[in-house]
Amino acid sequence: MARTKTTTQRGLGWRHQQDRDRLLRNHIDGTPCWWCNQPMYRNPESNWDAKALAADHSKSRAFHGTNGNHADRLLHDTCNKQRGNGSRDHQRPAITGRQPVSEHETDPRVMPWPW
């Protein structure tokens, strides 16, 4: 399995880490995630995907770049990855009413467990 790139390798780095720290300091546990509408918690084990919250740019970096475009909200880690470049924002579970899915359910490289 490929290693996850660091924030610096993804073109983010120190400023993005500072944005995330600020967002976490101001976060109120139980606030709904913009992508999936499920509650978000500082404690990763309490989140539906059991991962730490990710700092997201409401103005996608893919379309708006990073210059002056700071992370301005938190999302679940999996939700942030599913959002990608923002081109599917109209299909997010918070709008469609669908339940969020784990990476294992969306990653074609992962074989589902035979129940």
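Reader: What pLDDT does the chain average?

Author: This is a predicted model, and the chain averages a pLDDT of 81. Of the residues, 70% score at least 70.

Reader: And which elements have the lowest and highest mean pLDDT?

Author: Helix 2, residues 61-64, has the lowest at 54. Strand 2, residues 73-76, has the highest at 96.

Reader: Where does pLDDT stay under 50?

Author: Over residues 108-115, and the model has 2 contacts there beyond four places in sequence. Where pLDDT is low, the predicted coordinates should not be read in detail.

Reader: OK, on to strand 2. Is R73 buried or exposed?

Author: R73, which is found in strand 2, counts as buried because its relative accessible area is 16%, under the 20% cut-off.

Reader: What is R73 in contact with, leaving aside neighbours within four places in sequence?

Author: Its contacts are L23, W34, A54, A55, D56, H57, S58 and R83.

Reader: How about N80, buried or exposed?

Author: Buried, with a relative accessible area of 17%. N80 sits in helix 3, residues 77-83, and touches A54, A55, D56 and L75, not counting residues up to four places away in sequence.

Reader: Switching topic: which residues make up the largest nonpolar core?

Author: There are 12 residues in all, among them L23, C33, A55, L75 and C79. Helix 1 (14-26), strand 1 (53-56) and strand 2 each supply at least two residues of this core.

Reader: And what does C33 touch?

Author: Beyond four places in sequence, C33 touches Q38, M40, L75, H76 and C79.

Key:
Residues are numbered from 1 along each chain as its sequence is written. This is a predicted model: local features need pLDDT of at least 70, side-chain atom pairs count only at pLDDT 80 or more; totals for chains, interfaces and linings use all residues. Side-chain values use heavy atoms; hydrogens and water are left out. pLDDT is the predictor's confidence in each residue, from 0 to 100. Helices (H or I, at least four residues) and strands (E, at least two) are DSSP runs, numbered from the N terminus. Contact means heavy atoms within 4.5 Å. Buried means under 20% relative accessible area, exposed over 50%, partly exposed in between (1.4 Å probe, protein chains only). A nonpolar core is a set of buried Ala, Val, Leu, Ile, Met, Phe, Trp, Tyr and Cys residues joined through side-chain atoms within 4.5 Å.
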